Amino acid sequence: MAIRIKGDIFDGETLRNDHQLVIDGDKIAQIASDGNVTIDYTNTIDYTDKWIVPGFIDCQVNGGGGVLLNDETSETGLKAMVEAHSAFGTVAMLPTLISDTLEKAQQAMQVINESDLPEVVGIHLEGPFLNKNKKGVHDDQFFSVIDQAALQQLSCAFGKHKLITLAPEKQPKGTIKQLIDNGWQVFAGHTDASIEACQQAIDEGLRGFTHLYNAMSPLMGRAPNAVGAALLADQCYCGVIADGFHVHPECIKLAIKAKPRGKVFLVTDSMSTVGSSNKSFMLNDKKIQAKGGKLETEEGVLAGADLDMHTAVKNMAKWLDGDWQEAVRMASAYPAKCLGLDDKLGYLKAGFNASFVVINKDFTIDSVWINGKKK
């Protein structure tokens, strides 16, 4: 039976004060002002003086809840990651496999494709088709070029969303188009590409750039490189890690000004430490430690992020001079549009999934709802 929820509703476009959101099953049935609800309901939940906002979508979740996808490539691992991140408002995610063998990639694809968890909407393969000059914490022993055998392995049946990060300058011409023809969205990342190589990739259908500014050839006066290509390509999306360590806030603001509205969205690049009391772990043979919110190796190399999406949104709202609505869009509407989920997620509208976050006016989380159920 339907449930009426009262509160200040930010639907992804407009803040509607003192409105009612009616849930019927796992969908939103109606949003109406007080006295204009036309659907029968059996229960009312009062979130007066709280904001109800679209649930967050994270395209880059390496781990959480003490688990890395690379180490626990199973439904059990996915459940731990989902539980950790849903507490911070993430209602949909792409579990992300850091560079590994193609056999491990196929295993991850199978587990994710067969998962019944509603939060798991697809997979992100970050590698292994990367450039060792920009490897970051990835293990370059796994790096390779996409050949016909790899394309065959990546073309297996898969019913969810597929995102792959690669270094375009390392791939044969036409590879990106072939991946797209096989249902992949392709992002450039861990790349030392020139702007010419990026433009060729964009011509083939490159969708975006993974963790803009990080592990990619920088913008310089005589060489625009990957960062310049990302900022100039209006059609391309850019994910950014808003933890205050990976990118200076002013550089994120620069990207937002340079790109068409909606093309810059938030990702966490989270590791196993999110939602876990254990703040260190091993990645291959490297010990990773969280120090003051920053994840790094013993040599001081950044190694993913100890970041949840709620914190990313709070940081972004601060850096945007208090524009929390745009920060929320960067975590909901914009990634939904990028992934093609904007017909059911990213907004609060009739017919959309009843997946939302209830936020107190001090921007702490009150509760999280996913597909009509309170977590």
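Modeller: In this predicted model, strand E18 (residues 356-359) and strand E19 (residues 365-370) run antiparallel and are joined by four bridges. Ile-359 stands opposite Ile-365 in E19. Both strands belong to an open sheet of seven strands with mixed pairing, in the order E3-E2-E1-E4-E18-E19-E20.

E2 and E3 form a hairpin with two residues between them, and Gly-25 in the turn has a positive phi of about 70°.

Parallel pairing is found around strand E9 (residues 122-126). Three bridges join E9 to strand E8 (residues 90-98), and the two run parallel. Here Leu-97 has Leu-125 of E9 as its bridge partner. Together with helix H2 (residues 102-114), E8 and E9 make a right-handed β-α-β unit. E9 also pairs with strand E10 (residues 161-166), again in the parallel sense, over five bridges. In this pairing the partner of Glu-126 is Thr-165 in E10.

Why is E9 described as largely enclosed by the rest of the structure? With buried taken as under 20% relative accessible area, five of its five residues are buried, so the strand is largely enclosed by the rest of the structure. In a regular strand, side chains alternate between the two faces of the sheet. In E9, Gly-122, His-124 and Glu-126 point one way, whereas Ile-123 and Leu-125 point the other way, and all are buried.

Helix H9 (residues 324-331) is mostly covered, with seven of its eight residues buried. Those buried residues are Trp-324, Glu-326, Ala-327, Val-328, Arg-329, Met-330 and Ala-331.

For the setting of these elements, the protein has 10 helices and 20 strands. Its radius of gyration is 20 Å, close to the 21 Å given by the globule rule for 375 residues, so the protein is as compact as a globular protein of that length. The C-alpha trace spans about 60 × 45 × 40 Å along the principal axes, and 58% of the 375 residues are buried.

The remaining topic is empty space, which is shown by rolling a probe the size of a water molecule over the atoms. The largest pocket has a volume of about 220 Å³. Of the 18 residues in its lining, His-190, His-211, Asp-269, Leu-302 and Gly-304 lie nearest the centre. By class, that lining has eight nonpolar, eight polar and two charged residues.

The second largest pocket has a volume of about 190 Å³. It is lined by 14 residues, of which Pro-118, Val-121, Lys-344, Leu-345 and Asn-353 are the closest to its centre. Its lining has seven nonpolar, four polar and three charged residues.

Conventions: Residues numbered from 1 in each chain as written. Predicted model: local features only at pLDDT ≥ 70, side-chain atom pairs only at ≥ 80, totals over all residues. Heavy atoms only, no water. 1 Å grid on protein atoms, 1.4 Å probe; cavity = no way out; pocket = protein on both sides within 12 Å on 5 of 7 lines; lining within 4 Å. Points joined across faces, edges and corners; volume = space filled by probe spheres on them. Nonpolar A, V, L, I, M, F, W, Y, C, P; charged D, E, K, R; others polar. Buried < 20%, exposed > 50% of the residue type's maximum accessible area, 1.4 Å probe, protein only. Pairing = 2+ DSSP bridges. Right-handed = clockwise from strand over helix to strand, strands pointing away. Rg over C-alpha atoms; globule rule 2.2 N^0.38 Å.
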